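This briefing concerns pairings between side chains in one protein chain. Please examine the sequence and the structure shown below before reading the points that follow.

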Amino acid sequence: MSTSQDRIARTPGVCGGKACIAGHRVRVLDIVVWHEHQGMTPDEIVSHVPTITLADVHAALAYYFDHVEEVRQEMRAERAFAEDLRGTHPSLLEAKLRQERLEEASS
């Protein structure tokens with residue numbers, strides 16, 4: 001029988017070393033976002049990622065509640081990285097739309 005501690009792993013080189021479901025590339029923070037921020041139930045999460053079990057989802061949530069600040073810091077770091085990336089690498093679609101607007105305005 002496995003415990004919830006056996007179900008969560010931090011492995012260098014896997015998921016950036018972030019806590020994830022052992023043997024999967026599903027991070028604890030992904031489970032938290034789906035559950036806490038998108039309102040998915042544990043059953044819906046398993047339907048969304050059928051390679052994990054309901055026990056895996058509950059273990060991830062238990063890990064989160066035991067390590068709230070750590071997981072929230074990972075979320076903040078990912079958000080900052082995404083914002084920085086958007087700022088330095090605008091989407092090609094945005095650039096094309098901006099160019100079209102400029103062309104329309106000048107004609």
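**Charged and aromatic pairs**

Arg10 is partly exposed, its relative accessible area being 41%. The model in which this residue is found is a predicted one. Side chains of opposite charge can pair when their charged atoms come close.

**Arg10 and Glu74**

- A salt bridge joins Arg10 to Glu74, with the closest N and O atoms 3.1 Å apart.
- This pair links distant parts of the chain, since Arg10 sits in the loop between strand S1 (8-9) and strand S2 (20-21) while Glu74 belongs to helix H5, 64 residues apart.
- Glu74 has a relative accessible area of 11% and is therefore buried, as the limit for a buried residue is under 20%.
- Not counting residues up to four places away in sequence, Glu74 touches Arg10, Lys18, Ala19 and Leu29.

**Other salt bridges**

- The count of salt bridges comes to seven.
- One of them forms between Glu69 and Arg76, whose closest N and O atoms are 2.4 Å apart.
- Glu69 is partly exposed at 48% relative accessibility, and Arg76 is partly exposed at 36%.
- Glu94 forms a salt bridge with Arg98, with the closest N and O atoms 3.9 Å apart.
- Both Glu94 and Arg98 lie in helix H6 (residues 92-106), four residues apart, which is about one turn of the helix.
- Through salt bridges that share partners, Arg10, Glu70 and Glu74 are joined into one network.

**Aromatic pair**

- One aromatic pair is found in a search of the whole structure.
- The ring centres of Tyr64 and Phe65 are 5.1 Å apart and their planes stand at 55°, so the pair is tilted.
- Tyr64 is buried, with a relative accessible area of 5%.

Technical notes
Residues are numbered from 1 along each chain as its sequence is written. This is a predicted model: local features need pLDDT of at least 70, side-chain atom pairs count only at pLDDT 80 or more; totals for chains, interfaces and linings use all residues. Side-chain values use heavy atoms; hydrogens and water are left out. Rings of Phe, Tyr and Trp (its six-membered ring) pair if their centres lie within 6.5 Å; planes under 30 degrees apart count as stacked, over 60 as edge-to-face and the rest as tilted. Buried means under 20% relative accessible area, exposed over 50%, partly exposed in between (1.4 Å probe, protein chains only). Contact means heavy atoms within 4.5 Å. A salt bridge is a side-chain nitrogen of Lys or Arg within 4 Å of a carboxyl oxygen of Asp or Glu. Helices (H or I, at least four residues) and strands (E, at least two) are DSSP runs, numbered from the N terminus.
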